[in-house]
Amino acid sequence: MANTHGTARLAQLVLRLMSEMHRFDDGRTLPILHASKLTTPQLAVLELTRTPCTVSAVADHLRLSRPATSQLVDKLVRLGLVRRDLGAEDRRERRVSLTRKGEGLLRKVAAARAARFETSLATLPPPVAARLAKVLAEVVETLAQRGASTP
């Protein structure tokens with residue numbers, strides 16, 4: 001595991017990378033969110049519910065109260081982006097999952113992000129792009145193997 005100083009520096013570099021990439025967005029992502037009337041926490045709920053989970057798990061993951069999370073989910077239900085179903089084993093449990101409309105919206109957001117990444121990364125000299133691709137593949141594989149806890 002990296003030391004705190006090295007990890008902090010790496011985190012700062014990733015933050016700066018993302019900041020530089022945002023300059024290449026060309027107004028792709030925000031209009032999607034505005035047109036959908038979504039807030040960042042609501043988008044986080046959509047991302048999280050790609051895999052159906054309980055409202056409690058969403059609240060825990062977002063570190064929000066259950067009532068605040070229920071309000072977020074309620075708005076997404078009204079927008080037709082998620083559905084809330086009773087748990088199969090515990091009828092008091094509420095499971096949240098994406099609807100087709102929610103999946104479509106996430107595909108649009110992902111496409112806008114991918115376009116931003118492609119545009120920004122296309123400016124890299126080929127040798128730098130090749131080194132970055134190799135390192136990113138290793139990072140993605142390592143993170144996938146370690147698997148962050150998911151609800």
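Buried here means under 20% relative accessible area, exposed means over 50%, and partly exposed lies in between, with a 1.4 Å probe and protein chains only. Helices (H or I, at least four residues) and strands (E, at least two) are DSSP runs, numbered from the N terminus.

The model is predicted, with local features requiring pLDDT of at least 70, side-chain atom pairs counting only at pLDDT 80 or more, and totals for chains, interfaces and linings using all residues. Residues are numbered from 1 along each chain as its sequence is written, and side-chain values use heavy atoms, with hydrogens and water left out.

**The whole chain**

Zoom out to see the complete trace. The chain has seven helices and three strands. From the N terminus on, these elements follow the order α-α-α-β-α-α-β-β-α-α. The C-alpha trace spans about 55 × 40 × 20 Å along its principal axes. Of the 151 residues in the chain, 25% are buried. Among contacts (heavy atoms within 4.5 Å) with a separation of 6 or more, 55% are between residues 24 or more positions apart.

Axes are lines fitted to C-alpha atoms, for helices over the stretch in contact, and angles run from 0 to 180 degrees between N-to-C directions. Angles of 65 to 115 degrees count as roughly perpendicular, under 35 as roughly parallel, over 145 as roughly antiparallel, and the rest as oblique.

Display the side chains where the two helices meet. Helix 3 contributes Leu43, Leu46 and Glu47, while helix 6 contributes Leu105, Leu106, Val109 and Arg113. By class, this contact of helix 3 with helix 6 has five nonpolar, no polar and two charged residues. Ala, Val, Leu, Ile, Met, Phe, Trp, Tyr, Cys and Pro count as nonpolar, Asp, Glu, Lys and Arg as charged, and the others, Gly among them, as polar.

**Helix 3 and helix 5**

Keep helix 3 and select helix 5, residues 66-78. The axes of helix 3 and helix 5 come within 10 Å and cross at roughly 80°, and the two helices are therefore roughly perpendicular to each other. On helix 3 the contact involves Pro41, Gln42, Val45 and Leu46, and on helix 5 it involves Leu72, Val73, Lys75 and Leu76. The residues of this contact divide into six nonpolar, one polar and one charged.

Two strands pair if DSSP finds at least two bridges between them.

Two bridges join strand 1 to strand 3, residues 94-98. Cys53 stands opposite Val96 in strand 3, and the bridge partner of Thr54 is Arg95. Five bridges join strand 2 to strand 3; in one of the pairings, Arg83 has Ser97 as its partner.

Draw a distance from Cys53 to Met21: their C-alpha atoms are separated by 32 Å, and the two residues are 32 residues apart along the chain.

**Two loop residues**

Finish in the loops. Select Lys37, in the loop between helix 2 (30-36) and helix 3. Phi of Lys37 is near 60°, a positive value in a residue other than glycine. Lys37 counts as exposed, at 57% relative accessibility.

Then select Arg63, in the loop between helix 4 (55-62) and helix 5. Phi of Arg63 is near 60°, a positive value in a residue other than glycine. With a relative accessible area of 76%, Arg63 is exposed.
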